[in-house]
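Subject: Structure handover

Hello,

Here is the structure you will be taking over. Please open it alongside this message.

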Amino acid sequence: MNTEDLKKSYAAAYGQAAEAVYFAPGRVNLIGEHTDYNGGYVFPCALSFGTYLLLRKNGKPTVNFRSLNQPEIESIPLDKLTERLEKSWANYPLGVFAQFVKRGIVFTEGFDILIWGNVPNGAGLSSSAALEVVTAYALNDQLKTEFDRAELAKIGQKAEHEFALVNCGIMDQFASANGKKDHAIFLNCDTLAFELVPVKLDGVKVLISNTHSPHKLDSGAYNQRVAECKLAVEQLNNVHPLKYLAELTEARFNEISSAITDPVAFKRARHVVGEVQRTTDAVEALKVGNLTKFGQLMNASHVSLRDDYEVTGPELDAMAEEAWKIEGVIGSRMTGGGFGGCTVSLVKDEAIDTFIEKVGARYEAKTGLKPEFYIAEIGDGAKKM
Ligand code: GLA
């Protein structure tokens with residue numbers, strides 16, 4: 001759907017023209033997984049697909065939410081903007097309204113809102129962050145609240161915590177708010193200092209492989225990983241004061257890791273400390289054009305997420321392992337939260353067709369699932385259209 005189609009759908013839904021159209025992208029993470037809520041580094045990029053939001057002020061005491069992707073229509077009175085709905089897609093944008101209220105913003109009238117997104121749902125490409133960030137960006141513009149992009153990301157993250165009940169880190173919302181065309185974001189998730197690193201790769205494409213696995217990273221498994229890392233931090237604090245696992249070098253971790261008596265927490269911590277190092281190394285490698293090294297680090301990241309963090313599962317493993325066998329694949333790993341969703345691979349141009357054909361067929365033979373492949377276009381962060 002293009003913007004004109006969306007405007008027509010808006011007029012059909014609400015009987016009036018939309019006043020403004022906004023967009024925020026999904027993201028793919030190149031390396032640095034499950035490091036964000038541990039104060040570590042991530043290296044995501046915004047995608048060219050994402051979520052569109054059309055709106056107008058409605059002069060009424062209600063905010064109306066409709067989506068072309070979802071059947072439920074929600075009408076929320078202005079005095080109920082901080083109340084989570086029992087079960088509705090609208091919790092994502094509503095959770096953002098709640099954050100504006102919590103920051104002291106008084107809504108004197110409602111909005112008529114229409115959403116449409118083209119990020120594949122449940123693929124681990126941050127369709128929910130795109131929805132949160134597009135809402136935050138739109139409200140910021142409409143209400144002239146002048147929050148900066150980092151604050152809009154934090155608003156989205158809080159909405160996710162309080163209305164989707166996932167204790168996520170900041171990566172997805174930050175990438176959606178701050179992305180830049182043909183760049184990845186090297187982000188320190190503790191300080192939110194970041195650097196945009198060009199990802200214009202000569203003769204190489206970023207290929208996303210969707211497992212279409214039914215196993216999604218549910219909030220339970222995700223929040224459990226967050227809790228296990230917290231336990232590791234608590235136990236390490238007996239020998240070394242720290243706030244986040246990412247504060248430890250691998251060498252220091254090896255010296256003190258026996259303080260983690262819980263064997264599961266130990267493995268989780270080992271992944272995080274190693275992944276932070278891999279992320280820093282990978283960015284260095286990319287900057288000097290050493291794609292081979294970058295690819296090796298991607299592969300090592302997958303292995304660590306499989307063996308120590310245990311968030312891959314048979315489908316993501318099959319997809320990555322089949323990719324590793326193809327000549328011209330520089331590196332391949334799961335991306336995002338895990339369990340189902342997508343892998344991300346760096347693939348030489350001449351190997352793309354073979355990849356899609358061979359990995360596709362072997363993956364399907366192993367899992368019985370039909371995969372889907374997208375060549376990533378790295379796009380800009382949230383914007384008004
Ligand atoms: C999900 C979360 C992010 C991050 C990743 C794993 O996408 O929303 O905050 O933790 O998982 O790296």
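Below is what was found, from the whole chain down to single residues.

Overall shape. Please keep in mind that the model is predicted. The protein chain has 11 helices and 13 strands. Its C-alpha atoms fill a box of roughly 60 × 55 × 40 Å along the principal axes. The radius of gyration is 21 Å, and a compact globule of 385 residues would have a value near 21 Å, so the chain agrees with that expectation. Buried residues account for 58% of the 385 residues. Of the contacts between residues at least 6 apart in sequence, 72% join residues at least 24 apart.

Strands 10 and 11. Strand 10 covers residues 329-335, and seven of its seven residues are buried. Strand 10 pairs with strand 11, residues 342-348, in the antiparallel sense over six bridges. One of the residues involved is Met-334, whose bridge partner in strand 11 is Thr-343. The two strands form a hairpin with six residues between them, and in this hairpin Gly-336 takes a positive phi near 90°.

Helices 4 and 5. Helix 4 (residues 149-164) packs against helix 5 (residues 171-178) at an angle of about 140°, and the axes are 8 Å apart. The crossing of helix 4 past helix 5 is right-handed. On the helix 4 side the contact is made by Arg-149, Ala-150, Ala-153, Gly-156, Gln-157 and Glu-160, and on the helix 5 side by Gln-173, Phe-174, Ala-177 and Asn-178. By type, the residues of this contact divide into four nonpolar, four polar and two charged.

Ser-126. Where does Ser-126 sit? Ser-126 lies in the loop between strand 6 (111-117) and helix 3 (127-143). Is Ser-126 buried or exposed? Its relative accessibility is 8%, and because the cut-off for buried is under 20%, Ser-126 counts as buried. Leaving aside neighbours within four places in sequence, Ser-126 is in contact with Gly-26, Arg-27 and Asp-172. Ser-126 and Met-171 are 45 residues apart in sequence, with their C-alpha atoms 9.8 Å apart in space.

Regards

Conventions: Residues are numbered from 1 along each chain as its sequence is written. This is a predicted model: local features need pLDDT of at least 70, side-chain atom pairs count only at pLDDT 80 or more; totals for chains, interfaces and linings use all residues. Side-chain values use heavy atoms; hydrogens and water are left out. Buried means under 20% relative accessible area, exposed over 50%, partly exposed in between (1.4 Å probe, protein chains only). Helices (H or I, at least four residues) and strands (E, at least two) are DSSP runs, numbered from the N terminus. Two strands pair if DSSP finds at least two bridges between them. Axes are lines fitted to C-alpha atoms, for helices over the stretch in contact, and angles run from 0 to 180 degrees between N-to-C directions. A crossing is left-handed if the near helix is turned anticlockwise from the far one by less than a right angle, and right-handed if clockwise. Contact means heavy atoms within 4.5 Å. Ala, Val, Leu, Ile, Met, Phe, Trp, Tyr, Cys and Pro count as nonpolar, Asp, Glu, Lys and Arg as charged, and the others, Gly among them, as polar. The radius of gyration is taken over C-alpha atoms; the globule rule is 2.2 Å times the number of residues to the power 0.38.
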